[in-house]
Amino acid sequence: MATAKKHIAKAALLMVFVTVLSKVLGLLRDMLLASTFGTGVSAAAYEAASRLPITLFDFALGGVVTAAFIPIFNELMVKEGRDRAFSFANRYFNLILVITFVISVLGMVFSYPLVSFLAPDVSDTVKEFATELSRIMFPMIIFTGIAYCYVGILQSFEEYTLPAIMSLVSNLVMVLYFYTLSDKFDVWGLSVALVIGWFLQAAIQAPKAHKLGFRFKPTLNFKDEYLARSMKMALPILVCSWLQPVCNVINTRFASGFEGDSGITMVNYANRLYIIIVGVFSFVATNLLFPRLSRAEAEGDSKGARVFAASSVKILLYLMIPLASGIFFLAEPITRAIYMRGEFTAHDAEMTAAVLKFLALGIPFMSANEVLTKLFFAKQKVKAPMFASTIAIVANIGIVSVLVKTVGFSGIAIASSITIALCVIINYLLLSRDGAIFERTDFADIGKSIVAMALMSVCVYFVNRNLSINADILRVVAVSGVGIVVYGAALLLLSPTEIRALFRRKKE
């Protein structure tokens with residue numbers, strides 16, 4: 001047990017380091033994108049074009065690639081052995097390859113109507129430009145499918161480093177493009193660089209998968225009972241994974257009616273920053289968590305899986321609750337410090353920050369939802385989270401329609417946060433039917449973190465208002481430092497369960 005915990009801790013630290021490095025490169029990529037293209041026609045066309053293949057992939061496959069694979073692969077490893085598991089993996093790989101190829105071809109054929117649906121209110125110039133760019137980008141769907149197949153294999157063997165590195169590689173390709181070829185090939189070359197980045201995400205994982213025992217053979221057998229089970233699970237899992245991409249589509253459609261053609265880029269810049277900020281913690285937690293939950297369920301240890309999931313949610317909330325508060329109060333200096341240079345103006349920063357601050361409110365809920373849905377998937381019970389996602393998606397359409405009319409541009413982000421909160425509540429209630437996820441002490445611990453966050457928020461608000469520092473990055477660092485100290489001290493005084501356990505282990 002001690003050895004296993006040390007292995008998990010080591011893997012977590014390595015993943016944190018690699019993921020942070022990847023997010024830093026992603027942030028640099030977005031800074032270069034904003035300063036080079038601002039929020040003009042090229043930026044709007046690129047955002048719409050790059051969003052299109054990603055959105056189609058999310059709608060057609062999304063989280064299915066790993067979520068329908070990992071539980072069954074681990075079950076086969078436990079019950080029937082390595083050879084049978086890799087036989088299933090090969091057939092699954094071929095199925096994903098066929099599906100992604102078909103999606104890519106259809107996407108290239110119907111690019112213009114798809115762009116028009118995604119961004120109905122942008123100018124015809126942007127639509128035509130985005131259509132041409134998207135046809136360059138669509139092959140990335142094939143490489144995305146392959147990459148996530150490899151992720152499923154590697155994570156099942158607790159190999160987390162390469163799946164974490166893959167986004168680092170694609171971000172590095174984009175950053176290098178901006179510093180070397182951007183002036184010569186403009187946004188066209190950037191589209192090619194995006195495809196190359198996704199190809200490399202798949203390519204770097206292939207040798208390790210081969211070493212573990214995966215051998216690609218062009219075979220596909222729909223009569224394979226385990227492949228049939230994965231396909232049966234696919235639709236409910238797919239609907240579960242639709243929440244984020246559907247919200248993104250809705251946000252993009254509503255944003256296309258604001259600020260001329262610039263609304264789309266402002267929302268997408270805010271969303272990218274939001275994902276970069278929260279991605280480190282949620283990526284590490286869920287990618288370590290899901291394979292272990294799947295293995296626990298395959299071995300019949302449902303109680304252990306529930307306890308592990310509850311502890312994971314709480315630890316994430318200890319981190320995400322103060323993070324959300326800090327971003328809410330510091331959205332404007334954060335946005336200015338990161339994006340406001342070159343073609344990206346002060347007005348662009350103000351509008352982007354208005355979206356970011358309200359997206360931040362959804363950060364704790366997004367993190368909790370990741371864990372809860374992964375617990376459902378590990379149990380191979382996929383209809384309940386499908387129901388939760390469907391209700392949340394329908395609600396989002398109504399909520400954003402009302403808030404955009406009453407609140408304006410920031411209503412897009414407020415609706416997203418309300419939607420993910422609703423989904424968490426429904427998922428938790430559905431999971432609780434099989435036994436309580438949280439005990440009273442767990443709710444008390446979460447309450448303590450909220451109290452600590454409230455104390456931190458008061459301090460951050462007043463320090464930010466009264467601090468006489470004009471440089472945005474120094475302001476963010478100074479105010480964040482105060483917030484971290486106050487929150488940390490409050491949490492130590494309130495001493496939730498995981499904090500007490502940490503200090504006990506140190507004393508031992």
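These legends go with several close-up views of a predicted model.

Residues are numbered from 1 along each chain as its sequence is written, and side-chain values use heavy atoms, with hydrogens and water left out.

View 1. The structure holds 24 aromatic pairs (rings of Phe, Tyr and Trp, the last by its six-membered ring, with centres within 6.5 Å; planes under 30 degrees apart count as stacked, over 60 as edge-to-face and the rest as tilted). Phe73 sits in helix 4 (residues 70–79) and Phe157 in the loop between helix 8 (140–156) and helix 9 (161–180), 84 residues apart. Helices here are DSSP runs of H or I with at least four residues, numbered from the N terminus. Both Phe73 and Phe157 are buried (under 20% relative accessible area; exposed is over 50% and partly exposed is in between, using a 1.4 Å probe and protein chains only). Ring pairs also join Phe73 and Phe157 with Phe69, Phe86, Phe88 and Tyr92 in a cluster.

**View 2. Phe93 and Phe214 make a tilted pair.** Their ring centres lie 5.3 Å apart and the planes are at 40°, so this pair counts as tilted. Phe93 belongs to helix 5 (residues 82–109) and Phe214 to the loop between helix 11 (206–212) and helix 12 (225–241), so the pair ties together parts 121 residues apart in sequence. Phe93 counts as buried because its relative accessibility is 7%. For Phe214, also buried, the value is 4%.

**View 3. Lys357 sits over the ring of Phe328.** The charged end of Lys357 is 4.8 Å from the ring centre. To count, NZ of Lys or CZ of Arg must be within 6 Å of the ring centre and within 35 degrees of the ring normal.

**View 4. Helix 19 is largely enclosed by the rest of the structure.** Why say enclosed? Because 17 of its 21 residues are buried.

**View 5. Phe222 lies in the loop between helix 11 and helix 12.** With a relative accessible area of 47%, Phe222 is partly exposed.

Terms used
This is a predicted model: local features need pLDDT of at least 70, side-chain atom pairs count only at pLDDT 80 or more; totals for chains, interfaces and linings use all residues. Helices (H or I, at least four residues) and strands (E, at least two) are DSSP runs, numbered from the N terminus.
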